[in-house]
Amino acid sequence: MLHRIFGIETEYGLLINEEQPDRPPSWVAYQIIEHLFRVKRYGVLDLHHRGYDEPPGNGGFLLNGGRMYVDMGHLEFASPECHSLRDLVASDRAGDWILQDAIEELGLAENVSLIKNNIDHETGATFGCHENYLVSRNFPFSYKGLGKLIPFLVTRQIFTGAGRIGSAENHDGWIPIEDLAGQDPLMQASHERLAVPFQISQRADYIVNDFFEWVQHNRAIINTRDEPLADPTQFRRIHLLVGDSNLSEIATTLKMGTTGLVLQLIEDGHAPTGLDFHDPVETLRAVSRDSDRTWMVTLATGERLSAIDIQDRFLELARKHYHGQDEETDWVLELWEGVLNDLRGDYKQLVGRVDWASKLWLLETFREQENLPWEDPWLKSLDLEYHNVDPQKGLYFGLVEEGSAPRVTTNDAIQLAKYAPPRNTRAFGRGEVIRHLSEQSWPDVQDSHQSEHRFPPYVINWSVFQVRGSSAFIMPDPFRTYAQEVRDHLKI
Amino acid sequence: MKIGQVPHHIDERFILSEFPSPIGLERREQPSSPIPKPLGPSDDGGGPKRPDPESAQKDNLLKRMRKVDPKQAERYKQRTGE
């Protein structure tokens, strides 16, 4: 897509399916990191402190230009910088495959599953799928400019949501609200009103702000951290944490593609106006929980519109200004129009393309067969299994197997993306660095700081790297590959 | 200044925390594409564009669902992340 670099960061859940597991999921996560970097040599481990919670050995960059690491106990894969949506989908799926391969190679597959979702029904924990969009430094990074993105993000969940059974418990400090509600009839009634058997978004319950810069607390519809990981005079990185992890390749394409186009509308001054909500956070939740799926919302002006109507306004303007811009833009416009038209009818038309619709149809089919109420714990387990990245087990992959889930990439492309970076972004140059370093032997993480050198053997970041004994090499432009310059620098 | 070189006025120790400072380099897109692209927008990798779930082999899907341990959600103990 024109002037856009995309990236996705996925935090995975690890299910240890044993009654009394000896080890926590984080122990499994570190076993996998060790296997990927030391045995399979998929990349090179960091030998320096990247941050207070990222000590040496916590993870590293991969041959494909992405990163694999442990973040707050979760395995996390950050895709390489991608200039096309097909590359992005292939890279995102490659992260799943790399990890699933590791589980099988470690002999853990029987009892350990990788779950690409964003919630734990039992503990109320959430973990993210973050989106990254490179924009020009001239992007109006203000409440007024970014505010035009809010109505789009609040309503796009109708085709990007992954769906979930139930709702997240709200906590007041450490005390679940439902415990407090049990002591107060008014709170109990309020709690019951909020309970839903199924909603279309996993993250909506956890978003409490419209704008905020932090990612672990007070999560916001728009994350305002200014960390371009590139030349800050030319670029910004729009970083979003409001979205769900998608299994459907069409949903991933739509999530990133439509958001990319709406950012372009804002950059060019073409975004629709007059769509502000009085309370965007409440509207986000209300849309997610609307069991009638009419998704009617109230604007700050008092006007009532459906979420589909709001999406149509963005689509119309994107089509008016960008149709014919490039092949990928036209593809996204066509997919966008298709899902919006189908969302006006029976949700079953969206099975295979929209994750919440696929999941709801599977659960309804199972409930009908087994005569189960929504409260049955088996349904929560099926909700999780939808997100199992093992193609032999995951319910989404059952739909793929039956030919009910359209693909946008191929297994060959995913296999290649496990090792190969995109060749038209900065990831290519980084891949050259990783390939060069991975062919050499390095000291153990513990030993690397005990030598006479103050500087570790190498330091690699998104926009710069340095190998001990040579100068730092900076890569400020994510649109450049730097491939030959990197080879010259490393003398390879 | 050669691409990739560190400007003299920038402390390298600072750079390695991430790119810290403006450097004017032209933006140039590279033409090649990394991943084999047998697909066009109208030629998807598999499956119909608008599948009919009712025609799918429900038996296979139900078989896959019945294999799921009904209690596995209780064993899914995750920490909050980002």
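Biologist: Which residues do ring pairs link into a cluster?

Modeller: A:Phe152, A:Phe314 and A:Trp336. Rings of Phe, Tyr and Trp (its six-membered ring) pair if their centres lie within 6.5 Å; planes under 30 degrees apart count as stacked, over 60 as edge-to-face and the rest as tilted.

Biologist: What am I looking at, before we go on?

Modeller: This is a predicted model, where local features need pLDDT of at least 70, side-chain atom pairs count only at pLDDT 80 or more, totals for chains, interfaces and linings use all residues, and side-chain values use heavy atoms, without hydrogens or water. Residues are numbered from 1 along each chain as its sequence is written, while chains are lettered from A and ligands numbered from 1 in the order in which they are written.

Biologist: How many aromatic pairs are there over all chains?

Modeller: The count is 15. A pair of aromatic rings is described by the distance of the centres and the angle of the planes. Take A:Tyr42 and A:Tyr419, a stacked pair with 5.1 Å centre to centre and 15 degrees between the planes.

Biologist: Where do A:Tyr42 and A:Tyr419 lie?

Modeller: Both are in loops of chain A. A:Tyr42 falls between α1 (25–39) and β3 (43–45), and A:Tyr419 between α15 (411–417) and α16 (426–438), so the pair ties together parts 377 residues apart in sequence. Helices (H or I, at least four residues) and strands (E, at least two) are DSSP runs, numbered from the N terminus.

Biologist: Is A:Tyr42 buried or exposed?

Modeller: Buried means under 20% relative accessible area, exposed over 50%, partly exposed in between (1.4 Å probe, protein chains only). At 3%, A:Tyr42 is buried. A:Tyr419 has 39% and is partly exposed.

Biologist: What are the distance and the angle for A:Phe152 and A:Trp336?

Modeller: The centres are 6.2 Å apart and the planes 80 degrees, which is edge-to-face. A:Phe152 is in helix α4 (residues 150–155) and A:Trp336 in helix α11 (residues 327–343) of chain A, 184 residues apart. A:Phe152 is buried at 0%. A:Trp336 is also buried, at 0%.

Biologist: Which residues have the most contacts inside the largest nonpolar core?

Modeller: A nonpolar core is a set of buried Ala, Val, Leu, Ile, Met, Phe, Trp, Tyr and Cys residues joined through side-chain atoms within 4.5 Å. The largest has 92 residues, and A:Ile158, A:Trp336 and A:Trp356 have the most contacts inside it. Domain 1 and domain 2 of chain A both give residues to this core, so it lies between them. A second, separate core of 45 residues includes A:Leu45, A:Phe61, A:Leu62 and A:Tyr458.

Biologist: What does A:Trp356 touch?

Modeller: Contact means heavy atoms within 4.5 Å. Not counting residues up to four places away in sequence, the contacts of A:Trp356 include A:Ile158, A:Phe198, A:Arg293, A:Trp295 and A:Tyr347.

Biologist: Where is A:Arg293?

Modeller: In the loop between α9 (280–289) and β16 (296–298) of chain A. A:Arg293 is partly exposed, at 30%. A:Asn371 also has a positive phi of about 55 degrees without being a glycine. A:Asn371 sits in the loop between α12 (355–370) and α13 (377–386) of chain A, and is exposed at 68%.

Biologist: Why is α13(A) called largely enclosed?

Modeller: Eight of its 10 residues are buried, so the rest of the structure largely encloses α13(A). Among the buried ones are A:Trp378, A:Asp383, A:Glu385 and A:Tyr386. Their cover includes β7 (112–115), β9 (164–165), α12 and α14 (395–401) of chain A together with α2 (58–66) and α3 (72–75) of chain B.

Biologist: How many helices and strands are in chain B?

Modeller: Three helices and zero strands. Of the 82 residues of chain B, 40% are buried.

Biologist: How is chain A divided into domains?

Modeller: Domain bounds come from an automatic or database domain assignment. Domain 1 is 1–116 + 412–492, and domain 2 is 138–211 + 247–387. Their centres, taken over C-alpha atoms, are 31 Å apart. Domain 1 gives 18 residues to the contact and domain 2 gives 19.

Biologist: Which ring does the charged end of A:Arg480 sit over?

Modeller: A charge sits over a ring if NZ of Lys or CZ of Arg is within 6 Å of the ring centre and within 35 degrees of the ring normal. For A:Arg480 the ring is that of A:Tyr482, 5.7 Å from its centre. A:Arg23 lies over the face of A:Trp27, at 4.6 Å from the ring centre.
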